[in-house]
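This note concerns the ligand site and its surroundings. Please read the numbered points beside the structure.

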Amino acid sequence: MGFDFLNPVLNRGFVSVSSKELHAHLNGSISNHLLEHIKANSENLNESGNEAFLPVDCSGVLMNVNNHSVEAANVCNGKQSDTRRSLKECWSAFAKIHEVITTPRALYVATVNVIAEFSKENVIYLELRTGPKKVHNIPSKLSYVESVVKGITDAQKRFPILLKLLISIDRKKGEKDAFETVELAATVAAKYPEIVVGIDVSGDPQYGNSIWIVNVMKEARRRGFKISCHLPEIVNPDEAIAFLEFAPERLGHGQFLHPMYGGTAELWELAKQKRIPVEACISSNVASGMAVSVEDHIVKILHQESLPYIICTDDSGVFGTTLSNEYRKLLSVVQLNFQQIQNLCLDAVAYSFATEGEKEYLNKIIQTWWLEADCASQAF
Ligand SMILES: CNc1ncnc2c1ncn2[C@@H]1O[C@H](COP(=O)(O)O)[C@@H](O)[C@H]1O
């Protein structure tokens with residue numbers, strides 16, 4: 001579309017440098033390389049140190065990690081680059097990852113290295129989200145979250161990236177579990193208020209009932225959390241209306257809001273009226289069959305109608321993508337000039353769950369980077 005002038009900028013990571021990742025599921029963001037590494041070393045993992053991780057440096061960070069790429073991921077999967085994973089396949093991909101992350105130590109290493117990989121791509125603000133699990137040798141949901149927070153705290157000291165955590169509610173696990181998760185999130189947030197800032201509602205959209213999900217979101221809001229809620233990834237206008245009426249701070253996906261993709265005129269009108277920022281995850285939605293193609297992704301309509309959206313990866317490990325790659329896909333279907341891309345980055349700050357002071361700081365970095373990028377582009 002004549003945006004070749006942006007390629008050097010994208011290739012040099014400028015967009016991701018000035019970008020934020022607001023929708024990244026922790027386990028879904030584990031690259032194949034990292035997963036293989038954890039699997040291969042699982043028997044040697046212990047709580048006391050890193051000595052079993054030969055390729056890991058003293059901070060628990062994998063050395064020589066390749067950035068994700070569709071090609072790299074597909075080599076590991078033995079799949080073609082255009083392989084589509086249906087939503088069902090996604091759930092089994094997550095289950096396979098969960099089978100590998102069996103100890104607090106493995107979870108810690110996964111957390112640190114997922115952050116390392118985002119930071120290598122020059123992402124400067126990352127909101128990770130994950131669902132607490134008492135599985136395998138992880139003794140409790142509290143210890144699960146503590147391991148993730150420890151990973152975040154340690155990575156925060158090492159990388160130039162600001163980190164936040166959203167605690168995920170898995171709708172498949174039902175109402176009781178969801179209320180308990182909010183309670184647990186409140187306990188951990190009291191200890192780490194700068195890190196644990198939000199609640200994510202996700203999981204298989206075929207499960208759960210919108211009424212209790214709305215009630216859980218109300219409780220989370222009452223506790224002071226910001227909320228990001230996945231809109232159903234199957235056509236379900238009634239549920240989407242219930243979620244829009246509640247008005248979480250952000251919405252995940254949103255492909256089926258528009259009548260062209262299975263929504264209704266009423267739903268689309270409500271979406272336009274509410275103007276809730278949508279976390280657009282292009283590769284994920286195309287790979288899982290939610291959007292037929294990049295061209296048919298809802299982001300194009302959101303852009304045309306000047307509705308707020310943020311470019312995100314969703315599950316960079318499972319879908320073999322990066323934030324820069326997602327921006328490239330956006331630019332293949334939406335015409336944006338330099339200033340508009342910068343504005344997208346600044347919008348992402350505004351829609352983030354960072355504090356006002358942190359937002360100010362991030363905005364300054366972005367403006368500086370874009371000034372440099374602008375100068376660099378003049379040179380090409
Ligand atoms: C494809 N789009 C999606 N839609 C809905 N839920 C998703 C998702 N991608 C990920 N998850 C949710 O995040 C979990 C993996 O990360 P954590 O184990 O929590 O770190 C998945 O099991 C699912 O519940």
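1. For residue classes, Ala, Val, Leu, Ile, Met, Phe, Trp, Tyr, Cys and Pro count as nonpolar, Asp, Glu, Lys and Arg as charged, and the others, Gly among them, as polar.

2. The model is predicted: local features need pLDDT of at least 70, side-chain atom pairs count only at pLDDT 80 or more, and totals for chains, interfaces and linings use all residues. Residues are numbered from 1 along each chain as its sequence is written, and side-chain values use heavy atoms, without hydrogens and water.

3. Polar contacts are pairs of N or O atoms within 3.5 Å. A polar side-chain atom of Glu233 is placed 2.5 Å from a ligand nitrogen. Ligand oxygen atoms lie 2.8 Å from a side-chain N or O atom of Asn27 and 2.9 Å from a polar backbone atom of Gly131.

4. The ligand takes the space of the largest pocket (more than half of its atoms lie within 2 Å of the pocket's grid points). A pocket is an open set of points on a 1 Å grid over the protein atoms alone, where a 1.4 Å probe fits, with protein on both sides within 12 Å along at least five of seven lines; lining residues have an atom within 4 Å of a point.

5. The lining of this pocket comprises 35 residues, with 9 nonpolar, 15 polar and 11 charged.

Methods. A polar contact is a pair of N or O atoms within 3.5 Å; within protein, one must be able to donate a hydrogen and the other to accept it, and residues adjacent in sequence count only if both atoms are side-chain atoms.
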